Amino acid sequence: MAEPVRCEVADGIAILTLDNPPLNVVFRGLTEALDRALEAVEADVSVQAVVVTGAGTRAFCAGSDIAEFQPLMQPGRIGPGKLELQHRVFARLDGLPKPTIAAVNGLAFGGGLEIAVCCDLLVADETARFALPEIKLGVFPGSGGPVRVTRRIGAGRAKEMMFLGEPIDAATALAWGLVNRVAGRGSALDAALDIARTLTRRPPLALALCKQAIDLSFDMSEDAAIAAALPLSERVFTSAESKEGVRAFLAKETPRFPNALHFDSKD
């Protein structure tokens, strides 16, 4: 059986493709494969940005394989049988110290949307549709959706998605702040790769610490998060990256950050 998550690395960008035809649904083997792929890209120092997408045109990921549910519908089984692994792997994607972009083609339903919102940025095909339809099965999203979706779009919109279980289109997702950009039909991956190429020219330490500082705002009070970000600022201000950034600014040159990739095009 082919690996249900393909990993390709080129020019500092890793593309992780969910590949479980026809709709790339989540089953235990896919979650385990995603874990292996994330471990590999985290360890690969050549990777400076990660794009997650789905194979084909019908779905980024249409959610969980419902056929796996019945053996888990007894007390004490859903955690060890499914959710504990998904929580750990999705948290790994969420906390990856490299910028991540979801290129959403087709459907991002249920667990598929829960994977997408683990990424820092979401780019959607104009035909993409988003839903958390678990309520129609008598359950609710169990792998981070109630937290991560709510953080992106607020409690009112998140409750609308989860209580009603109805899909929204890409334009609505953009208006609600669920996605960052909408691309033309069939071009979500290309648009995500354009962003990823820009990120490979950014200073990698500053990107990682900026991501960490933003995440602090969800974990503690405002005052505590601001205080906790101070040592992160001290690290970047004393780094070789900041020295090059300031030098290039004063010299009116394009910075060539240490450890970043450099392309001919300028920002």
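Predicted model: local features only at pLDDT ≥ 70, side-chain atom pairs only at ≥ 80, totals over all residues.
Reader: Which side chain does Glu 42 meet in a salt bridge, and at what N to O distance?

Author: Glu 42 meets the side chain of Arg 92, with 3.8 Å from N to O. The pair links distant parts of the chain, since Arg 92 sits in helix 2 (residues 78–94) and Glu 42 in helix 1, 50 residues apart.

Reader: And how accessible is Arg 92?

Author: Arg 92 has a relative accessible area of 25%, so it is partly exposed.

Reader: How many salt bridges turn up in the whole structure?

Author: The search finds 14 of them. One of these joins the side chains of Glu 3 and Arg 36, at 2.8 Å from N to O. Glu 3 lies in the segment before strand 1 (5–10) and Arg 36 lies in helix 1 (residues 28–43), so this pair ties together parts that are 33 residues apart in sequence.

Reader: Where do Glu 3 and Arg 36 fall, buried or partly exposed?

Author: Glu 3 is partly exposed at 37% relative accessibility, and Arg 36 is partly exposed too, at 43%.

Reader: What about Arg 157 and Glu 160, how far from N to O is their salt bridge?

Author: Their side chains meet at 3.6 Å. Both residues belong to helix 4 (residues 145–164); they are three residues apart, so about one helical turn separates them. Arg 157 is partly exposed with a relative accessible area of 38%, and Glu 160 counts as partly exposed at 35%.

Reader: How do strand 4 and strand 6 run, parallel or antiparallel?

Author: They run parallel, and two bridges join strand 4 to strand 6 (residues 107–109). Within that pairing, Cys 61 stands opposite Ala 108 in strand 6.

Reader: Nice. And why is strand 7 described as largely enclosed by the rest of the structure?

Author: Because four of the five residues of strand 7 (residues 121–125) are buried.

Reader: In what sense, parallel or antiparallel, does strand 7 pair with strand 5 and with strand 10?

Author: With strand 5 (residues 100–104) the pairing is parallel, over four bridges. With strand 10 (residues 181–183) the pairing is also parallel, over three bridges. Ala 124 takes part in both pairings: Val 104 stands opposite Ala 124, and in strand 10 the bridge partner of Ala 124 is Val 182.

Reader: Last one: is Gln 86 buried or exposed, and which residues does it contact beyond its neighbours within four places in sequence?

Author: Gln 86, which lies in helix 2, counts as buried, at 4% relative accessibility. Leaving aside neighbours within four places in sequence, Gln 86 is in contact with Val 26, Thr 31, Ser 64, Ala 91 and Ser 143.

Reader: Great, that covers my list. Thanks!

Terms used:
Residues numbered from 1 in each chain as written. Heavy atoms only, no water. Pairing = 2+ DSSP bridges. Salt bridge = Lys/Arg side-chain N within 4 Å of Asp/Glu carboxyl O. Buried < 20%, exposed > 50% of the residue type's maximum accessible area, 1.4 Å probe, protein only. Contact = heavy atoms within 4.5 Å.
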